[in-house]
Amino acid sequence: LQLVAHYIDCFGVYRSINQRTLGQSALRYTIFSLVKEIRNKNVDELAEILKAKVESFDESLDGIWDFNLNQQNKRFVRYFLARITQFIEDKSGINSHIDNYMADNIKQPAQIEHIWADIFDYHKDEFEQKSDFNWYRNTFGNLVLLPKGTNQSFNKDPYEKKLPHYLKQNLLAQTLHPDCYLRNPNFSNWYMAEGISFKPNTSFKKKDLEERTGLYEQIAMKIWSPENFHEIANY
């Protein structure tokens, strides 16, 4: 069950991040063929088959660089951010669960927060066209999750005013602030051992945003890796 669940998760994320459809008509034959292929296989055989399937995907997680938030993909963006937030918290010894970030029936459900406020004047030193600013603003590196209400309370502030608020939120948002890296050994030991390029940002310019997109890709490659099938099989 865990092996198949990981495959389905990889299948959905790889396609979604490359903005490909997950409609039933487009996937019926692919999934039906896979069901026949994996039937009656033991755990080790199943792990090998599903690992090979993910490795042969036409899509890769590099699609994160061309991905842009819009009204149609907001649910996927929330899921992607929820998974990487929960993942880094879990690896850092923080009690975390995906429902903390995906549940809507709680008092303050998580919402997508743009690190850059929707104010072009703040960024005219780097963008001549508002359309270019808008595109960058909706890329993954500019997004975190915040509780409803908190998100609205300072979303028009410049980054430097927002930064202290991020330190009070989930670990992914906290990593923007320099204090997150002080006296936080579980987190620091984990990300340094894994070679993940976390860094604080006292300012958040275009280059910082691009680096953070790369950071999210690094984390995604840990979560949705084909190598995880062997780890699951040997658990």
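I looked up Gln19 and found it partly exposed, at a relative accessible area of 46%; on the scale used, buried means under 20% relative accessible area, exposed over 50%, and partly exposed in between (1.4 Å probe, protein chains only). The model is predicted, so local features need pLDDT of at least 70 and side-chain atom pairs count only at pLDDT 80 or more, while totals for chains, interfaces and linings use all residues. Residues are numbered from 1 along each chain as its sequence is written, and side-chain values use heavy atoms, with hydrogens and water left out.

**Backbone entries**

I placed Gln19 in the loop between α1 and α2 (24-38); helices (H or I, at least four residues) and strands (E, at least two) are DSSP runs, numbered from the N terminus. Its phi is near 60°, a positive value in a residue other than glycine.

I then turned to Asn40, in the loop between α2 and α3. Asn40 also carries a positive phi, near 65°, and is not glycine. With 78% relative accessibility, Asn40 counts as exposed.

**Salt-bridge entries**

I searched the whole structure for salt bridges, each a side-chain nitrogen of Lys or Arg within 4 Å of a carboxyl oxygen of Asp or Glu. The search returned 15. Side chains of opposite charge can pair when their charged atoms come close.

I examined Glu59 and Arg15, whose side chains meet in a salt bridge at 3.9 Å, N to O. Glu59 lies in the loop between α3 (43-55) and α4 (74-91) and Arg15 in helix α1 (residues 2-17), so this pair ties together parts 44 residues apart in sequence. Glu59 is buried at 11% relative accessible area, and Arg15 is buried at 10%.

I next recorded the salt bridge of Arg78 with Asp104, where the closest N and O atoms are 2.6 Å apart. Arg78 sits in helix α4 and Asp104 in the loop between α5 (99-102) and β1 (110-114), which links distant parts of the chain, 26 residues apart. Arg78 is buried, at 8% relative accessibility, whereas Asp104 is partly exposed, at 47%.

I also recorded Lys205 with Asp125, a salt bridge with its closest N and O atoms 2.6 Å apart. Lys205 belongs to the loop between α10 (185-194) and α11 (206-223), and Asp125 to the loop between β1 and α6 (130-137); the two are 80 residues apart. I noted Lys205 as partly exposed, at 31% relative accessible area, and Asp125 as exposed, at 55%.

Last, I noted one network in which salt bridges that share partners join Lys199, Lys207, Asp208 and Glu211.
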